[in-house]
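This report describes a two-chain model.

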Amino acid sequence: MVGIKRSKHWMTPMLIIITVAAVIPIFLLIYLSLHRWELGYPWSERVFIGLRNYKWFFTSTQELRSLSVTFKFVFWAVLTEVFLAVLISSFLYKNPIGKKYVVFSMVIPIAMTPAVNAFLWRLYFTPSHGIINWILNTLFGATPNWFGTELAFVMLVLVDIWRWVPFLSLILLAGLEAIPPEPLEASYAEGATWGQTLLYVVVPMLKPIITVGIILRMIDAFKLFDLVFPLTAGGPGDLTEVLSMHIYRYGFFDIGRIGRASAMAVVLLVIVIALTAVYVRYTQRKEEV
Amino acid sequence: MSKKIRSALSGLLTIVVFLGLSIGYAAEPTFDEWLESVKTEYAGESLTFVMAVHPTTSAMTSMLADFERDTGIKVNTEEVQENHLHDKLLLDFVSGGGNYDVFYLDTCWVGEFARKRVTQDLTSYINREGQYDWYDYDDFVTAWSKGSGMIDNRVHGVPINGEVTLIVYRKDILDKYGITEDDLDTTDKFLEQVKFLEGKEPDVYPVVFRSRRGHNAVYSYFQFLYPFGGTLFNPGEWEPQLTTAEAVEALKFMCELKKYAPPSMENFGVEEANTTFRSGKAVFWVGANPAIPGYSNPEVSPVIAGKIDVLQIPQGPGGNYSGWTAWNLGVSSRSRKKDLAWVFLQYMTSKEKGYDYITSGGSPVRISQFENLELVEKNWHFPEMLKSLEQAANLANTGVDWRPRIPEWTKISEELGYYVAMAFIGEMTPEQALENANNAIREIMEDAGYY
């Protein structure tokens, strides 16, 4: 109590900022989600409709499909990214030659603006004259349609992997370098292969960092927008229409139904808050231990 | 009456007549006199013009230097992809920004923007200055002046780019296989030839059209909806009619055509479809007229220039119809320089500058442009556009607006465009897609209070 009294003066500016930047917008979002209101019409023309926007969301095929695409994306992207990051970080840890140059290049994807990333990859994946198909055609005689119904989602996951695996690998590499080397040396001394050491020694030791990595990536992946919008715009059809893209489409892109878009945004917010709660609970439990 | 009084009255009458004539001349300046007065009043000022990426905007861009020289007004421009211009304008309006003074305005936004008061009502400006000889508002083709930028008899946009739906095709390829226009004048015959051309030319697909989810998909679908006898709404009624057999057949026809199109066409907007045709990758481009000047220019289209011709939309079982629309110039209701914006709009859409506009690649909107023999000689496709306009008149005479200019149109287009795109990619059958679309549109109209 004395600590809180003393610190309230220091906390006040932060609380004001959080209130203005987060709390008020969230309350406004919830308020809008309970109304029917279209962008461009006067504020006075909003109509209170209760939970009808939520009922519409959970009974509408289009909206549930976008939620399904989002979950599918989070599952495949995060699972693949963490798997590859564990492999790459272990490899770099075991083979440090040239590591500093590799590490330097691994910062580039995350340093690039996401929209620029997406536009570049859109060019690379262009079926008729992109470099990816030029390479595939030269090597295998194949020119897949990356923007078609079968591969557009795969392309989205691949680009996200390119963007996040290096960053995750660096975090896991830092984690590896922080743990004592004796268990690893003992494992190799006992005759274990690299794969066995990875599976039975490295992964268990890195479990806390991997868990944090998964949760943080999931939180970010659920909010994905900056990659989808320039790369596929949710197409073809709605096969890559993640929830954020759908919210944008409903709120701004030719529809302007702010009430419905707000309801969808609240649903997304609840998902992200739930994941954040899991993360906070997990890290708190680790601290208690 | 004494001689003196008579003489005074005559003199007075002469003065009154002379003054009257002088005032008459002063009320209707010549184009150069108007420019002088504009320069005197506005030189040194600036305005912001935002436009869509479109074949005809390059024509306007090329005239900006002349405008700045003639009026002393600086024009700041911004070019936005067609898909995003609507949102940009709406967000600017909602935020109270007034960052844009003049903008490119699609016909299908006019109803919504007029209702939301995004656009400035230009009727008083037209009434005041629209009849000047060098402007002549009545010279605009009615389909585009009244059927495009006007709503409830109020002018919200002045047409700058007239558009009719038609098919541009590779004449050299059709000649090679002995296919004539008689083999393409009905939807059945057209499909038959599309199938025939599959695989005939290396790396060339029989057909391309815009099919990206949203208004692109709707635009393409509507090119055949009416020829098949379908309609969105019956004239004067607002119950959607997309579950009729005719509407379903039209979508089935488009889905069939799509099988003979480039594989990534699910994501094609107008830019991608244009590029595909321009680079020689398609025989038929089911589209509209604005890109034709570019296709005919060897510097812009080295692959296809000199090898193309135009075909009207084939007659379907429901009739001989094409669609019409236009890009207009509108003034933002939030603009703090409305009079300046009107000056710019007047200049760019004037009869006087029409020749420069067309020769720079613009699309005709005026009767005089179609009648100018010199322009017709330089633009071989003008007579074809007139034929397509006649087809469009067939539809207009039934009381149907090709894309209804109602405030709910953008919502309708987005919902219908989703379901049409889902049918295109095979995620739904045409029947399912149109039933869902019909329900969604009905809900929109019900929410809006139509019933």
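Helices are DSSP runs of H or I of at least four residues, numbered from the N terminus. Under that numbering, α6(A) is followed by Gly141(A), whose phi is positive, near 70°.

## Model and confidence

The structure is a predicted model. For the complex the predictor gives an ipTM of 0.84 and a pTM of 0.88.

The average pLDDT of chain B is 91, and 94% of its residues score at least 70. In residues 15-25 of chain B the pLDDT is below 50, and this stretch has zero contacts in the model beyond near neighbours in sequence.

## Chain A overall

Chain A contains twelve helices and two strands. Their order along the sequence is α-β-β-α-α-α-α-α-α-α-α-α-α-α. The C-alpha trace of chain A spans about 75 × 70 × 30 Å along its principal axes.

Chain A has 289 residues, of which 32% count as buried. Among its contacts between residues at least 6 apart in sequence, 70% join residues at least 24 apart.

## Local features of chain A

Helix α6 of chain A covers residues 131-140; of these ten residues the number buried is zero, so the helix lies largely in the open.

Ser33(A) belongs to helix α1, residues 2-33 of chain A. Is Ser33(A) buried or exposed? Ser33(A) counts as buried because it has 23 C-beta neighbours inside 10 Å, and the cut-off for a buried residue is 20 or more. Leaving aside residues up to four places away in sequence, Ser33(A) touches Asn53(A), Gly259(A), Ser262(A), Ala263(A) and Val266(A). With Ala263(A) the C-alpha separation is 4.4 Å, although Ser33(A) and Ala263(A) are 230 residues apart along the chain.

Pro236(A) is in the loop between α10 (228-231) and α11 (243-251) of chain A. The peptide bond that joins Gly235(A) and Pro236(A) is cis, with omega about 0°. Most peptide bonds are trans.

## The interface

Contacts between the chains involve 18 residues of chain A and 24 residues of chain B. On the side of chain A that touches chain B, eight residues are nonpolar, eight are polar and two are charged.

## Packing of α10 in chain B

Two packed helices are described by the angle between their axes and the distance between the axes. Helix α10 (residues 215-225) of chain B packs on helix α11 (residues 245-258) of chain B at an angle of about 120°, with the axes 9 Å apart. That angle makes α10(B) oblique to α11(B), and their crossing is right-handed. From α10(B), the contact is made by Ser220(B), Tyr221(B), Phe224(B) and Leu225(B); from α11(B), by Ala247(B), Ala250(B), Leu251(B), Phe253(B) and Met254(B). Eight residues of this contact are nonpolar, one is polar and none is charged.

Helix α19 (residues 409-424) of chain B also packs with α10(B): the axes come within 7 Å and cross at roughly 75°. That makes α10(B) roughly perpendicular to α19(B). Here His215(B), Ala217(B), Val218(B) and Tyr221(B) of α10(B) meet Ser413(B), Leu416(B), Gly417(B), Val420(B), Ala421(B) and Phe424(B) of α19(B). By class, seven residues of the contact are nonpolar, three are polar and none is charged.

## The enclosed helix α12 of chain B

Helix α12 (residues 270-278) of chain B has seven of its nine residues buried, so it is largely enclosed by the rest of the structure. The buried residues are Val270(B), Glu272(B), Ala273(B), Asn274(B), Thr276(B), Phe277(B) and Arg278(B).

What covers the buried residues of α12(B)? The cover includes α4 (82-94), β6 (158-170), β7 (205-208), α10, β8 (282-288) and α13 (292-296) of chain B. Just after α12(B), Gly280(B) has a positive phi of about 80°.

Most residues other than glycine have a negative phi. In chain B, Arg117(B) has a positive phi near 60°. Arg117(B) sits in the loop between α5 (110-115) and α6 (123-129) of chain B, and is partly exposed, with 15 other C-beta atoms within 10 Å.

Asp203(B) has a positive phi of about 65°, again without being a glycine. Its place is the loop between α9 (187-197) and β7 of chain B. With 9 other C-beta atoms within 10 Å, Asp203(B) is exposed.

How values were computed
Residues numbered from 1 in each chain as written. Chains lettered and ligands numbered in written order. Predicted model: local features only at pLDDT ≥ 70, side-chain atom pairs only at ≥ 80, totals over all residues. Contact = placed C-beta atoms within 7 Å. Nonpolar A, V, L, I, M, F, W, Y, C, P; charged D, E, K, R; others polar. Axes fitted to C-alpha atoms, helices over the stretch in contact; angles between N-to-C directions. Parallel < 35°, antiparallel > 145°, perpendicular 65-115°, else oblique. Left-handed = near helix turned anticlockwise from the far one by under 90°. Buried ≥ 20, exposed ≤ 12 C-beta atoms within 10 Å, placed from the backbone. pLDDT = per-residue confidence, 0-100.
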